[in-house]
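Reader: I am new to this structure, and I would like to understand the words used to describe it. Could you take me through them?

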Amino acid sequence: MMKLTIDDLRFVLALDRLGSLAALAREENVTPPAVTKRLGQLEARLGIRLALRTTRRLQLTHEGLLLAQHATGVLEHMQTIEEALRQRSQAVAGKLKVHGPLGFGRRYLGPLLAQFQTTHPNLEVQLYLSDNLMLPRQPVHGRDAFDVLVSIGAIPDSRWVAHRIAPNRRLLCAAPEYLAKAPPLTRPADLVHHACLVLRENDEDVTLWRFAGRDGKDAAKGSGTGGKGGEKRGGSGVSAGSAREHTVRVRPAMESNDGDVVHQWCLAGKGIMARSEWDVADGLASGRLVALLPGYRLPDADVMALVPQSRVASMRTRLFVEMLRKAFGPRPPWRSDRRA
């Protein structure tokens with residue numbers, strides 16, 4: 001009689017996600033021969049080939065893909081049953097897997113999760129920090145799925161339910177040392193004459209900076225497309241599609257995929273950066289940084305908690321999102337001593 005276990009289903013899903021026996025061995029902390037043996041035993045038990053092996057990658061067969069597809073539904077259904085039983089007993093247990101940005105995660109998520117685990121000692125907590133958040137690659141079902149992804153800025157994806165945790169602006173900043181020797185900066189168009197520091201992440205167009213006048217109004221007289229001194233399309237790299245929007249293609253003097261590195265460069269007087277309010281509030285308050293172009297506003301990047309559809313009913317997920325809201329509301333810590 002053909003038998004499948006829950007571990008078999010998780011094993012096939014992990015193979016599909018990682019696409020490599022070696023990668024699965026590293027994740028499970030076993031040897032590659034052990035993974036190869038397990039796959040062979042499963043195929044022998046089922047009497048079908050589940051995967052095709054090449055020198056560089058493993059690919060599931062049609063039968064393997066069919067098994068993975070059904071495994072996703074089975075595991076999701078079992079998780080729903082487990083959550084229902086936990087809610088009956090009011091127990092907060094199991095695993096809470098959270099993903100967040102590096103800097104924000106170190107400063108806020110790490111301490112909050114420690115506090116959360118103290119409140120719920122039967123909970124196993126995992127925190128993964130990375131500034132590279134590629135949602136299409138994140139599993140949304142099964143053991144490997146994240147329960148909560150904390151994002152700086154909304155990320156549209158129908159697989160996730162978005163909860164706004166805290167307001168967060170993006171600000172243009174520079175150190176007084178840089179400004180003392182820099183050319184004038186009165187409008188976005190002037191940025192093409194400045195050294196700009198760029199954070200490169202998530203395959204975004206990071207050298208295209210967009211501004212709007214405060215509260216949607218044009219903030220600088222003569223900053224439209226026409227007339228002397230106006231922003232024009234062409235060699236400056238600047239365009240103004242309307243009186244409210246100002247777009248500039250900056251030329252990065254330095255760039256990194258690490259936000260803290262960009263921040264340190266800015267403090268050292270190397271140029272101008274666009275960074276989140278939560279990250280620069282202390283520097284602005286101490287005078288180590290100066291906010292630039294106060295009449296213009298970069299797009300906001302609110303702190304969001306993204307929950308996959310399959311985790312919405314989870315008690316541990318709901319309680320953690322509620323804790324995040326309380327920790328950052330009604331006024332986030334980066335606005336405690338500043339005007340909003």
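Reader: Glad to be here! How many bridges join strand β7 to strand β13, and how do they run, parallel or antiparallel?

Author: Welcome! A word on the source: this is a predicted model, in which local features need pLDDT of at least 70 and side-chain atom pairs count only at pLDDT 80 or more, while totals for chains, interfaces and linings use all residues. Residues are numbered from 1 along each chain as its sequence is written, and side-chain values use heavy atoms, with hydrogens and water left out. Now to your question: 4 bridges join β7 (residues 170-174) to β13 (residues 272-276), and these strands run antiparallel. Arg170, for instance, has Ser276 of β13 as its bridge partner. Strands here are DSSP runs of E with at least two residues, helices are runs of H or I with at least four, and both are numbered from the N terminus.

Reader: What makes β7 and β13 a pair?

Author: Two strands pair if DSSP finds at least two bridges between them. β7 and β13 have 4 bridges, so they count as a pair.

Reader: Which strands form the open sheet, and in what order?

Author: The order is β12-β8-β13-β7-β14, 5 strands with mixed pairing. At the edges are β12 (252-256) and β14 (290-291), each of which pairs on one side only. Helix α7 (residues 259-267) packs on the sheet and touches β7, β8, β12 and β13; touching is contact, meaning heavy atoms within 4.5 Å.

Reader: Why is α2 called roughly perpendicular to α3?

Author: Helix α2 (residues 21-28) and helix α3 (residues 32-46) pack at an angle of about 110 degrees, their axes 8 Å apart. Angles of 65 to 115 degrees count as roughly perpendicular, under 35 as roughly parallel, over 145 as roughly antiparallel and the rest as oblique. The angle of α2 to α3 is therefore roughly perpendicular. Their contact is made by Leu21, Leu24 and Ala25 of α2 with Pro32, Val35, Thr36 and Leu39 of α3.

Reader: How do you know whether Ala189 is buried or exposed?

Author: Buried means under 20% relative accessible area, exposed over 50%, and partly exposed in between, with a 1.4 Å probe and protein chains only. Ala189 has 10%, so this residue is buried. Ala189 is found in the loop between α6 (176-179) and β8 (196-199).

Reader: And what does His120 count as, buried or exposed?

Author: His120 has 18% relative accessibility, so His120 counts as buried. This residue is in the loop between α5 (102-119) and β4 (123-129). Leaving aside neighbours within four places in sequence, His120 is in contact with Val92 and Leu319.

Terms used: Axes are lines fitted to C-alpha atoms, for helices over the stretch in contact, and angles run from 0 to 180 degrees between N-to-C directions.
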